[in-house]
Amino acid sequence: MIRVQRSLLLLTVCGMALSAGVEARAQDASEMFVRLQRLEGQVRELSGRVEQLQFENRRLQDQTRKFQEDVDFRFQELGGKGGGNAAPQRPPQKRSDAFDPATQSGQPGAPRPLGQGQSNLAAADPDATGGIAIIDESGSGDRPDAPLDLSSVGRNAPPPPRMSVAATATDDPRTQYESAVSLLQRKDYESAEMGFRQFLQSHPRDRLVPDATYLLGESYLSRGRYREAAEQYLKVTTEYGKSNRAPAGMVKLAVSLNALGARDQACATLAEVGRKYPQADANVRQNVARERARVKCT
């Protein structure tokens with residue numbers, strides 16, 4: 001009898017160890033694939049930058065070559081025009097439309113004594129005084145201490161810049177979280193992403209962090225950014241595996257992996273949901289069955 005009990009105990013321990021090993025392998029495979037996708041994205045980004053630099057380099061080379069050809073052509077043209085019977089060069093004549101301060105002292109732009117003519121300058125060109133109109137209440141336009149009329153300051157000023165999500169956010173965690181959820185419900189996924197990221201950065205220990213991480217993944221998944229979505233869902237299942245979002249996060253991780261072309265990892269993740277979360281609600285179980293049929297897992 002004791003031997004039978006020992007055998008049963010040994011089989012139970014072996015079964016638990018095997019289940020834990022399968023779970024760990026599935027989790028490691030999913031995490032490794034997500035990291036591989038991240039590295040591939042970084043490589044593509046660097047390749048794009050290299051191609052852009054190569055394009056700029058070729059363009060600069062073409063510009064330099066054309067400039068050199070133009071210089072050579074001009075030198076050849078000057079050499080062909082020169083000769084032994086070249087006419088003597090006449091001294092350059094002053095252009096008729098050039099400004100001469102000696103003969104046109106009364107024209108705008110002519111040099112004046114310091115402090116004189118400021119009212120006329122402002123009247124002719126308000127931008128020359130930074131938008132401040134200079135008036136002369138005493139009738140003496142040449143006084144350097146003429147009063148300034150500041151009433152027009154800001155009249156033509158540009159409108160204030162739009163406040164960003166970070167500038168309008170509050171310090172209350174619940175309010176900040178609900179604001180990002182509202183943006184997600186309105187399908188403003190980019191603004192929702194910014195809101196959830198700011199919440200996670202400002203309140204990393206709040207009890208709503210698992211929910212915010214899951215919904216951040218939703219904002220990525222809705223835009224087809226499957227690699228970023230998989231990263232967030234993987235974080236939910238690993239760092240917040242005991243949260244209410246973890247079972248659904250594991251299903252969405254499988255959806256993201258399948259969209260990235262990792263069908264085997266997606267099927268392994270879906271198979272792991274039932275073993276890791278046997279008490280998952282009916283909605284999660286239905287989603288697992290639907291995704292297994294869609295992905296055609298064996």
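Student: What pattern does the protein follow when read along the sequence?

Tutor: This is a predicted model, and its order of elements is α-α-β-β-α-α-α-α-α-α-α-α. In total, the secondary structure amounts to 10 helices and 2 strands.

Student: Why are α8 and α10 called roughly parallel?

Tutor: Helix α8 (residues 246-259) and helix α10 (residues 282-295) pack at an angle of about 15°, and their axes lie 10 Å apart. Angles under 35 degrees count as roughly parallel, and α8 is therefore roughly parallel to α10. The crossing of α8 past α10 is left-handed.

Student: Which residues of α8 and α10 meet?

Tutor: From α8 come P247, A248, V251, V255 and N258, and from α10 come V284, N287, V288, E291, R294 and V295. Sorted by class, the contact of α8 with α10 holds 7 nonpolar, 2 polar and 2 charged residues.

Student: What makes α8 and α9 roughly antiparallel or roughly parallel?

Tutor: The angle between α8 and α9 is about 170°, with the axes 8 Å apart. Since angles over 145 degrees count as roughly antiparallel, the two helices α8 and α9 are therefore described as roughly antiparallel to each other. On the α8 side the contact involves M250, V251, L253, A254, L257 and N258, while α9 contributes R263, Q265, A266, T269, L270, E272, V273 and K276. The residues in the contact of α8 with α9 comprise 8 nonpolar, 3 polar and 3 charged.

Student: Which residues touch the most other members of the largest nonpolar core?

Tutor: They are Y177, F196, F199, L215 and L257, in a core of 41 residues. To belong to such a core, a residue must be buried, and its side-chain atoms must lie within 4.5 Å of those of another member. At least two core residues come from each of α1 (2-81), α4 (173-185), α5 (189-202), α6 (209-221), α7 (226-239), α8, α9 (263-276) and α10. The largest contribution to this core, 7 residues, is that of α6.

Student: What does F199 touch, leaving aside residues up to four places away in sequence?

Tutor: F199 is in contact with P173, Q176, Y177, D206, L208, V209 and A212. Contact here requires heavy atoms within 4.5 Å.

Student: What share of the contacts with a separation of 6 or more joins residues 24 or more positions apart?

Tutor: Such pairs account for 50% of those contacts.

Notes
Residues are numbered from 1 along each chain as its sequence is written. This is a predicted model: local features need pLDDT of at least 70, side-chain atom pairs count only at pLDDT 80 or more; totals for chains, interfaces and linings use all residues. Side-chain values use heavy atoms; hydrogens and water are left out. Axes are lines fitted to C-alpha atoms, for helices over the stretch in contact, and angles run from 0 to 180 degrees between N-to-C directions. Helices (H or I, at least four residues) and strands (E, at least two) are DSSP runs, numbered from the N terminus. Angles under 35 degrees count as roughly parallel, over 145 as roughly antiparallel, 65 to 115 as roughly perpendicular and the rest as oblique. A crossing is left-handed if the near helix is turned anticlockwise from the far one by less than a right angle, and right-handed if clockwise. Ala, Val, Leu, Ile, Met, Phe, Trp, Tyr, Cys and Pro count as nonpolar, Asp, Glu, Lys and Arg as charged, and the others, Gly among them, as polar. Buried means under 20% relative accessible area, exposed over 50%, partly exposed in between (1.4 Å probe, protein chains only).
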